[in-house]
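Please read the following walk through the model with the sequence and the coordinates open beside it.

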Amino acid sequence: MTAIPLLGAVLLLLPAGRFLPGDAAVARYGAGVSGATLLVAVSAATAFDYGKASETQLGVNASWAPSIGLRFHLGADGISLPLIVLTALLTFLCFLYTMKHPPAGGQIRLLTGLLLVLEVGMLGTFTALDLVLFFVAFEIVLVPMYAIIAIWGGSDRSFAARKFILYTLLGSGLLLVGMLLVGVKAGTLDMTELAARHGAGLSRGVQITAFLLMGLGFAVKTPMWPLHTWLPDAHTEAPTVGSVLLAGALLKMGTYGIIRVALPAAPQGAAYWAPWLGLFAVIGIIYGALACLAQTDLKRMIAFSSVGHMGFVLLGIATLTPVGINAALFGNIAHGLITGLLFFVAGSVKDRYGTGDLREIGGGMLASSPRLAGTLTFAAVASLGLPGLAGFWGEMLALLGAYKPHAALPRTTFVVFMAVAALGAVLTAAYFLRLLAKITHGTPQPDAPAGVARISAYEYAAWTPLIAATLLVGLWPKTLLAVTTGPVRALFGGG
Amino acid sequence: MIQGIDYAAVAPPLILAAAALALLVADAFGVPRRVLGWASGGAFGAALVAVAALAFGDRRATFCVPGGLRGGGPASCSYVADDFTLVFQGVVLVAAVIVVLLSLGEITASRIPAGEYHFLLLCAVTGAVTLVAARDLVLLVVALETLSLPVFALVALRRYDGVASEAAVKLFLVSVVSSAVMLFGVSLVYGATGAMHLDRIAPALRSLPSDLDPVAGVGIMLVLAGFAFKIAAVPFHFWAPDVYQGAPLPVAAFLSVVSKAAGFAGLAIVLALGFPAYGHVWGPLVGIMAALTMTLGNLFALRQTTAIRLLAWSSVAQSGYMLAPLAAGDHRLGEAVAATTAYVALYAVMNLGAFAVVVGFRRRFEPAGEGTPPVDALDDYRGLGRRSPAAGAALAFFLICLAGLPPGVMGLFAKVVVFRATVAGGVTWLAVIMALNTVIGLVYYLRWAVRLYAAPTGHAYAAAVPGVPVRAAVAAAGAGAVVLSAAPQLVLQAVSSVT
């Protein structure tokens, strides 16, 4: 599955004259390659045996560098499968979108190559079952994302790109130390093996240190307050496809890592740090919401809303209960779908109005461009957690989990967290409604660009699957929960 | 008493020494420069073939203590050609071939006497190749001097250049002091243990009377300090930037790769074979040294504006990463030595590549006349990636490798191996410092790499294309880096058999 985009990216290194001359051909090629990847991902999802979702399936396990115990071990289970499909879907939609709406800056060939490498890294992270392999895949995404922001970004792009790569490298350095600490002390780098042991053979001190190091590493990526400051800059400056992938899939690598690597390998460390994780998560929720209320830039606002949403995901993880973890996984997917959609729409708005500034866009979008405004409204209400749409279940279950945290955790603390987080949810509703009130309602500004361009077929193509998936997961949450529940229970050693 | 010599085992240094003498004589008879260059490259190639041939055979040892004199002790051979030796000899010789390729153009351009240059280079490499095979303290010191002495002269070969002379004097003073310090340390160790062979020192140290304990401890610390000069570890690093800047560029590349690899090999040999019993003494010391080296090296590299000084400080910082696994002391020492070896081998490829591009493309920025800004400023590299895509891409790739990020998977694995050995050795604090340092390192590597693709500014430059040898060197290093990035296990497997 990861081989297709990798092969595709390598082929793009061929001289431009001989292989696929012209930007349009390259864009079609990118869509084709990522489409093929999506097909493989979907067929993997159909071939997946849902009765045994907690087991690793469809895996490869080959020896790579036996001298240091390194194995090339890939596979999918119920936790990673939805994320794999989500990643493949988002990348494909990004290519579709790029075909008609290439970002300013040209060099489509380079962009296609970078996006494919990015996809390799993301899929690799979600499928890797060996710690070092996981780390390599985790790192692969850095340089392409840096280049995407630095080449096709907005006016302040080089600063944003540098901040992004330095922050995340800091995180991954600590992550590497933490993972190796676990690997060395436990004597294995295999993630399924580590998960099956539930931290046996690791002393409490080692687990606490390891969880702290890995947690910090993943928290930068997620991003958890107060390590989030790279995110708004990166999102604001990145081109549309960059923002979509950053929010939709890249951030998930952080929370996925906590659930997949840090929790099972160091459960005692997790229990020790969980109240702190919960505290920072709740601060993130409130902070994200308050920051959103103060934003005037559309993309920056969505970026801060991501901090808040990932706060809910982290809160779910911090409860250390199956309900909470399920909520986190659900929130991951929902956030990926909804925020991906929001960034697509924000990109379209920015294309048409030439700015992302809310005041300059003015009001009355419903009148001037009803379809665009309608999609924006849909994405915004989904994001604020309207029941019946995907965003609702993640937040709801996270709060439920916080009401009844793991027995080893202080319950009162978590109930307070729950109350504060619920307040945060209300604030979320407030800023999204404020956003809608500002730009979709009211009367169009007299100097607004006349005859805002119609929505192209490619935009519809990029939006529709996300809208449909948001509805599907929102109305039938069981489709997703059924896949994740099994492995989450296995994670805690229960049946 | 007659002792048999295993000539096959000592073939690599023997070939080089013979070639050095032959070249010196040939130069006196007026053999043209080009022929000398190819002959010197050929000698390295021949030595490399010898190393490869030895690699298929068993472990060989020679210059052993004869049976009658052993007194029940171990065989105590002075020269051992085991896997560790051969890996380092291979790295040193391959690097030397690249240095020769880089030198061919430089010798003409800088009006360096070719015969002397190649003679000195061959002598220095003879020392390096012997050093990595030495297993007793006398041979170690002699080999180290054989490596160091020619290098002063090499640095000063641009006789008309005051900067070069200053660099040579600085290197000479530092090196002589470090040799003296090390010899003093060796004498203390000898005094405490009564042995010169490492395989006799190790058991002697283990059962040392407690009143000799401080003597041995101080001796070990002094030996460590002597090697620290060689590998430019903080606080013995200050010579590196000035010498790199003053020396002809290929010599700077030699110092940062061949000399350093030999120094690390020597350090690893002494610590792992001779002094494991004192791991509790030198382990923390090496740890502090590693932390200081990488941190200071990186912080100073941040402030550099010329390519060569940046490479100098970055090479100081990289020394810190290589030292880090050894901080574990005698706890899982084998793994630590393997990690250091792997890092040295991978570092040699990436750093030589970066030097090769700088050698080739610095000459394109030669200022038109006096009063122009200094050559090889980092800003001169603006737009290199657009003017000459291959060189730009190669340099960017080497820099990303040095920073340790994919697609430079090779550099990433080098870091993973070193981190792993450090964590396994129980020095997690050092690993955390190392993690922070990789971020600082990325800042300046990235700054340089981004400049390659920025719009060019500044003065015009000659559009000369570097000669075939330099391009071959860049291509070879680039090919090595790509292959090792696709299959890093090649090196990892090779070094794991070492210990």
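B:Phe63 lies in strand E1 of chain B, residues 60-64, where helices (H or I, at least four residues) and strands (E, at least two) are DSSP runs numbered from the N terminus. Although B:Phe63 is not a glycine, its phi is positive, at about 55°. B:Phe63 counts as buried because 20 other C-beta atoms lie within 10 Å; a residue is called buried if 20 or more other C-beta atoms lie within 10 Å of its own, exposed if 12 or fewer, and partly exposed in between, with C-beta atoms placed from the backbone. This is a predicted model, in which local features need pLDDT of at least 70 and side-chain atom pairs count only at pLDDT 80 or more, while totals for chains, interfaces and linings use all residues. Residues are numbered from 1 along each chain as its sequence is written, and chains are lettered from A and ligands numbered from 1 in the order in which they are written.

A positive phi is also found at B:Ala232, at about 60°, and this residue is not a glycine either. B:Ala232 sits in the loop between H8 and H9 of chain B and is buried, with 30 other C-beta atoms within 10 Å. The loop between helix H8 (213-230) and H9 of chain B also holds B:Pro235, and the peptide bond that joins B:Val234 and B:Pro235 is cis, with omega about 5°. Chain A has a cis peptide bond from A:Thr222 to A:Pro223, with omega near -10°, and A:Pro223 is placed in the loop between helix H9 (204-221) and helix H10 (230-237) of chain A.

Helix H9 of chain B, residues 239-246, is mostly covered, with seven of its eight residues buried. Among the buried residues of H9(B) are B:Trp239, B:Pro241 and B:Tyr244, and what covers the buried residues includes helix H5 (137-155), helix H6 (162-193), helix H10 (249-274) and helix H12 (307-323) of chain B.

Which residues does B:Gly287 contact, leaving aside its neighbours within four places in sequence? They are B:Ala327, B:Val427 and B:Leu430, where two residues are in contact if their C-beta atoms, placed from the backbone, lie within 7 Å. B:Gly287 belongs to helix H11 (residues 279-302) of chain B and is buried, with 22 other C-beta atoms within 10 Å. In helix H18 (residues 468-486) of chain B, B:Ala475 counts as partly exposed because it has 15 C-beta neighbours inside 10 Å. The C-alpha atoms of B:Ala475 and B:Ala356 are separated by 9.3 Å, although these residues are 119 residues apart along the chain.

Helix H4 of chain B (residues 114-131) has 18 residues and reaches 26 Å from its first C-alpha to its last, close to the 26 Å expected at 1.5 Å a residue; the expected span is 1.5 Å times one less than the number of residues. Of the 18 residues of H4(B), 16 are buried.

Confidence in chain B is highest in H4(B), at a mean of 92, and lowest in helix H19 (residues 489-496), at 74, on the pLDDT scale, which is the predictor's confidence in each residue, from 0 to 100. Chain B averages a pLDDT of 85, and 94% of the residues score at least 70. Over residues 367-373 of chain B, pLDDT stays under 50, and the model has three contacts beyond four places in sequence for this stretch. Where pLDDT is low, the predicted coordinates should not be read in detail.

In chain A, the secondary structure comes to 21 helices and two strands, and buried residues make up 62% of its 495 residues. Helix H3 (residues 80-100) and helix H11 (residues 240-265) of chain A pack at an angle of about 170°, with their axes 9 Å apart; axes are lines fitted to C-alpha atoms, for helices over the stretch in contact, and angles run from 0 to 180 degrees between N-to-C directions. H3(A) and H11(A) are therefore roughly antiparallel to each other, a term used for angles over 145 degrees, with those under 35 counted as roughly parallel, 65 to 115 as roughly perpendicular and the rest as oblique.

The contact between the chains takes 22 residues from chain A and 26 residues from chain B. On the chain A side, H7(A) gives the most, with eleven residues. The predictor gives the complex an ipTM of 0.82 and a pTM of 0.87.
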